[in-house]
Amino acid sequence: MNEILGIGASRGIGIGPVFQYKITKIEFESCKVEDPTAEINRIRKALPVAQSQLESVYEHAKNDPSTQAEAEIFQAQLMMLDDPEFWQQVDQKINDEYINAESAISEVAKHYAEMLRAMDNEYFAARAADVFDISNRVLKILLGISDSPTEGLHQPSVIIAQDLTPSDTILIDKSMVIGFCTADGSATSHTAILARGLGLPAVAGAGSAILKIHDGENVILDGNNGLVIVEPDDATIESYQTRLNAAQVIKEKALSNAKEPAVTTDGVEVEIVANIGNVEGAEKAINFGAEGVGLLRTEFLYLERNNLPSEEEQYQAYKKIFDLFGNHPVVLRTLDIGGDKELPYLDMPKEMNPFLGLRALRLCLVEPKIFKTQLRAALRAGKGRNIKIMFPMVATLSEIRAGKAVLEECKNELIQEGKPFADDFEVGIMVEIPAAAVSADRLAREVDFFSIGTNDLSQYTMAADRTNPTVAGLTNAFQPAVLRLINQVIKAAHQHGKWVGMCGELAGEPLAAPLLIGMGLDEFSMSSPMIPVIKQIIRGLNASEMKVLAEEALDLDSPEEIQMLVKQRVPQADITV
Amino acid sequence: MSEIELVIKTKVGLHARPAALFVQLAKQFQSEIQINNSGKMANAKSILSVLALGVYQGTKVVLSAEGEDENEALTALKELIESNFGEPE
């Protein structure tokens with residue numbers, strides 16, 4: 001038995017065989033040929049195959065609502081595949097140098113990729129990657145290598161990879177996935193978000209050791225603790241299996257009551273809402289019993305594309321989501337870009353510490369055009385709906401005022417243009433920077449609500465990078481300092497008659513629910529699959545008792561002590577899901 | 001052979017979506033079309049060459065075309081560039 005430690009990227013436990021998602025190495029010999037025309041003809045035959053493969057990936061991406069944005073990348077690749085200069089150079093190389101098709105293609109691809117990379121920005125680096133993607137596609141056809149890295153995936157497995165991009169995950173049959181584990185990546189990477197949406201466990205940043213596990217070998221994937229257990233012994237499997245089975249029973253029971261409200265035994269009702277990032281997520285949230293949306297991530301409209309989304313495009317997307325929720329609240333978080341999420345087409349300068357840099361609201365305030373396009377689209381789409389606007393990454397009062405001033409400008413413009421929009425909506429902020437948490441009593445006067453982002457609040461409070469597995473223990477949101485800040489924020493808001501939500505991972509953590517109810521949190525927002533279970537736990541709690549429990553917990557000195565206390569006092573919250 | 005001089009005004013220059021639209025349109029003509037950015041030439045029907053030309057916002061480019069439909073080609077490309085590729089401003 002051997003344990004590999006990574007970062008818990010999505011909750012849950014998976015037990016099963018490993019499937020290594022491998023990109024097959026393209027290997028060929030460079031050699032001289034006698035008949036250049038025959039080589040050129042090989043390419044002529046391969047190109048239509050490559051084109052139909054790419055077209056099918058493109059169609060696949062376009063028709064899946066979660067990957068529509070990525071479709072554009074494949075469209076761009078289709079254009080490159082049809083580039084006359086590229087193939088003329090390949091032909092010329094074969095004719096002049098009498099070399100085989102494989103060497104000619106790979107040399108010309110290198111030449112173009114280098115030219116694009118020399119232009120030294122992320123947009124061109126991505127295009128250079130596209131050049132290799134298409135040349136590799138053609139090379140694989142010439143060499144008879146299968147196009148599918150998931151060939152042989154016939155039983156539900158733990159998918160292991162260096163890292164997975166959206167274009168990889170599009171093509172994986174989700175019914176064959178027990179969980180994901182990546183050598184690279186972090187709790188905020190694409191795979192992590194995908195896994196949470198699917199309710200599957202994931203461990204990220206586990207290092208290259210996981211790539212050496214053989215296909216078919218059994219592992220335990222513990223997404224709660226960021227652990228991969230290789231060749232587990234029978235006792236370990238049994239202990240995990242027991243927890244998994246118990247969790248399964250609870251999950252099924254909770255799911256049958258998913259639409260019921262979350263009311264404590266002494267009559268305190270809290271709102272249970274969803275974190276979503278696209279239209280597909282909205283539909284799913286409703287099925288899991290979400291009473292609205294506590295966090296609509298809007299980045300999906302901006303990522304994996306080459307230009308900014310227009311107001312109209314955003315309007316259509318927001319409207320679809322708002323309409324699905326009818327009168328239920330939807331909290332739209334304005335663009336949260338920067339940090340680990342970059343937009344290549346914005347040409348943002350490289351930063352030494354992107355998590356402490358020009359990101360989210362800070363960026364929006366220096367790029368008012370981008371900000372206004374989004375706000376106008378959101379306000380227009382929110383007409384007649386229960387929308388709330390939320391600014392991320394707020395540190396100071398003046399940032400809130402500046403954000404609200406831009407909102408006012410947008411409203412005035414829309415009035416002048418005679419366009420209908422949501423005129424009565426709440427404005428709030430994410431509390432994720434310690435500065436905002438410490439000054440919560442001041443900031444509360446300026447907003448209608450707070451939503452606590454525990455992932456960033458933990459990393460900023462503890463000065464510990466949440467993408468770094470070696471300090472994962474510090475970013476634990478059960479750290480007393482983080483819980484104290486959360487408690488302080490809730491109290492400050494309530495003193496000013498404002499409501500407080502939470503949209504970080506902690507809101508969907510079963511063991512945290514008793515404490516958060518005790519502190520008086522009004523709204524819990526989480527990835528949809530967690531909703532039924534959290535509702536179920538809350539229905540079994542007595543709010544006044546939890547208040548006492550929370551006070552006791554805040555008096556303890558370590559995350560372990562706090563978690564132990566909750567486990568002892570509220571055993572039904574100690575579940576593995 | 002015909003020639004025209006134009007300024008690219010889109011924020012991203014002649015890259016991303018504008019570049020794709022430009023090449024797609026150029027391909028619809030029989031004529032050979034070249035785009036010249038201060039002495040560097042590229043085949044207007046080749047997306048890779050156009051991208052590698054590094055035409056940023058505010059760059060002046062010369063388009064030249066040779067062939068039966070050279071005038072139509074230049075008019076159409078001019079229109080596309082002057083409409084700012086359908087993007088605001």
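Me: In which handedness of crossing does helix 1 of chain A pass helix 2 of chain A?
Reply: This is a predicted model, where local features need pLDDT of at least 70, side-chain atom pairs count only at pLDDT 80 or more, and totals for chains, interfaces and linings use all residues. Residues are numbered from 1 along each chain as its sequence is written, and chains are lettered from A and ligands numbered from 1 in the order in which they are written. A crossing is left-handed if the near helix is turned anticlockwise from the far one by less than a right angle, and right-handed if clockwise. For helix 1 and helix 2 of chain A, the crossing is left-handed.

Me: How are helix 1 and helix 2 of chain A oriented to each other?
Reply: Helices (H or I, at least four residues) and strands (E, at least two) are DSSP runs, numbered from the N terminus. The axes of helix 1 (residues 36-63) and helix 2 (residues 71-81) of chain A come within 8 Å and cross at roughly 165 degrees; axes are lines fitted to C-alpha atoms, for helices over the stretch in contact, with angles from 0 to 180 degrees between N-to-C directions. Angles under 35 degrees count as roughly parallel, over 145 as roughly antiparallel, 65 to 115 as roughly perpendicular and the rest as oblique. So helix 1 and helix 2 of chain A are roughly antiparallel.

Me: And how do helix 10 and helix 12 of chain A lie to each other?
Reply: The axes of helix 10 (residues 311-325) and helix 12 (residues 368-381) of chain A also come within 8 Å. They cross at roughly 40 degrees, in a right-handed crossing. That's why helix 10 and helix 12 of chain A are oblique.

Me: Which strands stand at the edges of the sheet in chain A?
Reply: The open sheet in chain A has 8 strands in the order 1-8-7-3-4-5-6-2, with mixed pairing (two strands pair if DSSP finds at least two bridges between them). An edge strand here has a single partner strand, so one side is left without a neighbour in the sheet. In chain A, those are strand 1 (2-5) and strand 2 (7-10).

Me: What is the bridge partner of A:Val219 in strand 8 of chain A?
Reply: Strand 7 (residues 218-222) and strand 8 (residues 227-230) of chain A run antiparallel, joined by 4 bridges. In strand 8, the partner of A:Val219 is A:Val230.

Me: At about what angle does helix 8 of chain A run to strand 3 of chain A?
Reply: Helix 8 (residues 234-256) of chain A lies across strand 3 (13-20), strand 7 and strand 8. To strand 3 of chain A, helix 8 runs at about 120 degrees.

Terms used: Two residues are in contact if their C-beta atoms, placed from the backbone, lie within 7 Å.
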